[in-house]
Every structure is written in structure tokens, then in C-alpha cells.
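Please examine the arrangement of strands and helices in the structure shown below. The questions that follow take up one part of the fold.

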Amino acid sequence: MKVHVLASGSAGNAIFLKSEHTSILIDAGISARRIKNSLAEIGTAIEDIDGVFITHEHSDHIKGLPTLLKKYRLPVYTRPATWEAMPFKEPLPYECFRGLPESVDLGTVKIEPFAISHDAADPVGFNFFCRGNKCSVATDLGFVTESVKKALALSDILVLESNHDTEMLEKGSYPWPLKKRIMSNRGHLSNIDAAWTIARLPRKTHTHVFLAHMSKENNRPELARETVGNILSSQGLRLGMDVSLHLTFPDQTASIAE
């Protein structure tokens, strides 16, 4: 299983997962052209995508979808409430919509969505299973519930939100209502939240973790890695052995093969 975070952050999000015979796009929050070019750089044609899985309807996760569907007619798997809540649903061809069941099999990959806490219509994270490997994606959630912890357990690869540094957010220029939203149980995970989530999860011998959806205004990649790494180390986890941390970026691809 190969996982490529094509883009991650407030400006747009897209993840590409590939097994031997299956190609999956998770979210389309960047332009269709950029998705096509990013896939070409890793040796994949956009026409080969077997399905697009959408976590929720916020624009930084779907703004490339209208062009993507118009040009390539890819099947889109998402919750019905998410499809209905999309702000530019009218241009989207309804025949591309696939209501998201509790489990989907595409080629060699089994996909299982799970509910998350975020201020959207019916937001989900995803688990992807292939030949004994598991990849979990949870990038927009204000609170990690027990059911989410259970969903993320024993992942080989985890794409987890590490959105903001609490002090930077509190002292930053955002208006108070926005700060309050971000820090709420339906907002976004801080670096500290992400660290304790990882520390408390049941894990395999080794786990790759992408720190994702970082705020440009209220976080820095190296700060996120330092904060998460320090907490994990304090809990006895060996960085690079028990857990490997990987940064993601709004303008370049980060990749792992497992």
C-alpha cells in the first residue's frame, strides 16, 4: 500500500492511496489540474482512479471536485448528507454519486468510514485495508471519541490532523469566534491533541504517522513535529522505531510505501 499526501492544510487537501490494482483519491480540495499533475509525478494517470472518497463538504476538501467529475466522470463515495450540503452541488453530475455504505470493496482494498466530530453535515474519517495493512485518515476533528480511537487502532499508516499550536492560535490574529470554533469539540485537533491521541492508541510494532492539515497561520511544521515527538518520547515511545513522524505540506507531496 502506497500513500501520497498530495496536499494538506487550510488551503486544500487531497490524498492518494494505491495498492497493486486499486487507485483511490481521498478528498479533492485542490484543482483537478494540480491533482492530475501531482499524480503524473508519481507515475499515475488520473483516469485510473477507481473512486473518490470525500470526508466532508468544506471547500478545502472538495473545491476541485466539479472539474474532476466534469472531465473524468469518476465515482464519488460520500455520505448523502455531505453530497446534499456541498455548496456547488448543481454542477456535479448526480450519476457520479455513490452513497457511502458502512463498507466498500474496490479491487484489493476494503474501505470503512467512521463518524468524526466536526462542524459539517455528516463528516467521516476512513480506514483502508489491503493485504494485512491498514491506513487510517482523520484530518478534521475537534475531539477524538472512543469510537474514533477504536477506528484508528493498529494502523500501519495514520494520517492524523495536527492543526494548530494552542499558544499561537490564542495569541494570533484570528477573531475570537473563529478561535472558539477551531478549539471546540467540532473544530480541529491541536498538536498536543494529536500527540496524546497517538500515544494512547493501540499500535502495531511500527506506525507511520503523517501530521496533517496544519494551519498556515497557527502552526509550523517543525513545531508540530517537535511537540508531538516530545510527548511521544515522554510516554516511552521510540521515534523512528515505534512511531515515525512525517510532515505534510500545502504545496508538495509527502509519500510512504508500506
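Q: In which sense do β12 and β13 pair, and over how many bridges?
A: The model is a predicted one. Strands of a sheet pair through backbone hydrogen bonds, either parallel or antiparallel. Here β12 and β13 pair in the parallel sense, over five bridges.

Q: What is the bridge partner of Val 209 in β13?
A: β12 covers residues 207–212 and β13 covers residues 243–247. In β13, the residue bridged to Val 209 is Leu 245.

Q: Which strands stand at the edges of the sheet?
A: The open sheet has seven strands with mixed pairing, in the order β7-β8-β9-β10-β11-β12-β13. Two of these strands have a single partner each, so one side of each is left without a neighbour in the sheet. The edge strands are β7 and β13.

Q: What angle does the direction of α9 make with that of β13?
A: α9 packs on the sheet, where it touches β12 and β13. The angle between the directions of α9 and β13 is about 165°.

Q: What covers the buried residues of α9?
A: The buried residues of α9 include Leu 223, Val 228 and Ile 231. Among the elements that cover the buried residues of α9 are α6, α8, β12 and β13.

Key. Residues are numbered from 1 along each chain as its sequence is written. This is a predicted model: local features need pLDDT of at least 70, side-chain atom pairs count only at pLDDT 80 or more; totals for chains, interfaces and linings use all residues. Side-chain values use heavy atoms; hydrogens and water are left out. Buried means under 20% relative accessible area, exposed over 50%, partly exposed in between (1.4 Å probe, protein chains only). Helices (H or I, at least four residues) and strands (E, at least two) are DSSP runs, numbered from the N terminus. Contact means heavy atoms within 4.5 Å. Two strands pair if DSSP finds at least two bridges between them. Axes are lines fitted to C-alpha atoms, for helices over the stretch in contact, and angles run from 0 to 180 degrees between N-to-C directions.
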